[in-house]
Amino acid sequence: MNRIWDFVKAWADGLSLMIETLLRALGRRSRQLKNLASGGDEEQNDLPTGKRLSGEKPRALLFSVASHNLKMENTKRKIKALALLSGGLDSMLAVKVLQEQGIGVTGLVFSSCFFDARQAQEAAKTLGVDLLIEDFSKKHLELVKNPPHGYGKNMNPCIDCHALMFRLAGEIMRQEKFDLVATGEVLGERPMSQNKQSLGLIEKESGLAGYLLRPLSAKLLAPTISEQEGLVDRNRLLAISGRQRTPQMELAKKYGIKNYPTPSGGCLLTVAEFSQKLKELLDKYPQATSDDALLLKQGRQLWQGDIKFVVGRDHQENLTLEKLARAGDLLARAKNVPGPTVLVRSYRGKKPDRMGIESQIKEYLVKYNSKARDREVKVEWLSG
Ligand code: SF4
């Protein structure tokens, strides 16, 4: 009888131990899942460790849940993409493709003394995204003066300019904790700058290897880190290539994008006439600053040796010249006839002498003002 009792007791103890172990295991798993749902840090040591991104959940947690066949949609963190948004159609479509799979997109546009951010601001409104505007005038001008890869058709150093923009975008991506940089580049759209080799080169030189996503051509390119890790669904990216714009037109229709600017984008460095003015300035004065470059956009540019006269062509330009005048510049207009304002800037290192240039100013005030023809013009000095 005693032996039977001992046997039953041993069997009951064993069963109790099994139940206790099972309950402990269930409790631990429940805490892990609760922790995952809340995004908290408790007891993560129970799980495999993973790379932590910007204070978000370690990726290993996501993999852990996936391996238990639980639905990831509720726990997957939202990816943040920084999209280079010029305002052109391709850059807008790239944003749309990412938004379509629930990726949070912030636009980034560069502005300089050679182009502004207006197109991108319009596009950002249409797309409903925030826009970061980065003025890189100083860096851009330095590149224009000495581009390692040379110029395009005019004074546009596009290869180096792209590399600079991507490098700066990479810095912003890291500082602001974005997951990737996206662009609207299309493989083969520009045979020189958008072939596979140059896309790869730009990616490498900008320090963005693995983080540069081109949603419109992604399926034709190597997967980025976000695609490899399943944070971006590669199947929902596109495989557009070549110069034919039909796929982009169809996408624009699908997304209801009606207004978008032409692909040239409004950079003055691609304009022959402006490039000529810039070249003349840099030949005479290699130390030119972005202020000098901004002045090139206004009025008639007339040189007398090392002195430049800028004659306003309308009321708006006259006002702008007044705003752009800096210490050492002279500003003049006709006292007795309404007409242009003239800004005078010396690139000789000293202020222009009023007496020495007054007759020249008079000549311009008459030549570029039909109301002043055959009249005796008196010069009024506005500054200097
Ligand atoms: S067109 Fe102007 S802004 Fe665009 S890449 Fe070339 S130089 Fe840079």
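Two residues count as in contact here if their C-beta atoms, placed from the backbone, lie within 7 Å. Keep in mind that the model is a predicted one.

Start by selecting Val181. Leaving aside neighbours within four places in sequence, Val181 is in contact with Leu82, Leu84, Ala169, Gly170, Met173, Leu208, Tyr211 and Leu212.

Now widen the view to the core around that spot. Val181 is listed with Ala81, Ala83, Leu85 and Leu98 as the residues with the most contacts inside the largest nonpolar core, which has 49 residues. To see what builds this core, colour the elements that give it two or more residues, including strand 1 (80-84), helix 3 (89-100), helix 6 (158-175) and strand 4 (180-182). Which helix gives the most to this core? Helix 6 does, with eight residues.

Next, select Val144, Met155, Leu269 and Leu278. These belong to a second, separate core of 24 residues.

For the last stop, pick strand 8, residues 330-334. Is strand 8 largely enclosed or left open? Four of its five residues are buried, so strand 8 is largely enclosed by the rest of the structure.

Look for Leu330, whose bridge partner in strand 9 is Val344. You can trace the hairpin from strand 8 to strand 9 through six residues.

Then show strand 10 (residues 379-383), which also pairs with strand 8 in the antiparallel sense, over four bridges. Here Ala334 stands opposite Val379 of strand 10.

Note on methods. Residues are numbered from 1 along each chain as its sequence is written. This is a predicted model: local features need pLDDT of at least 70, side-chain atom pairs count only at pLDDT 80 or more; totals for chains, interfaces and linings use all residues. A residue is buried if 20 or more other C-beta atoms lie within 10 Å of its own, exposed if 12 or fewer, and partly exposed in between; C-beta atoms are placed from the backbone. Two strands pair if DSSP finds at least two bridges between them. A nonpolar core is a set of buried Ala, Val, Leu, Ile, Met, Phe, Trp, Tyr and Cys residues joined through C-beta atoms within 7 Å.
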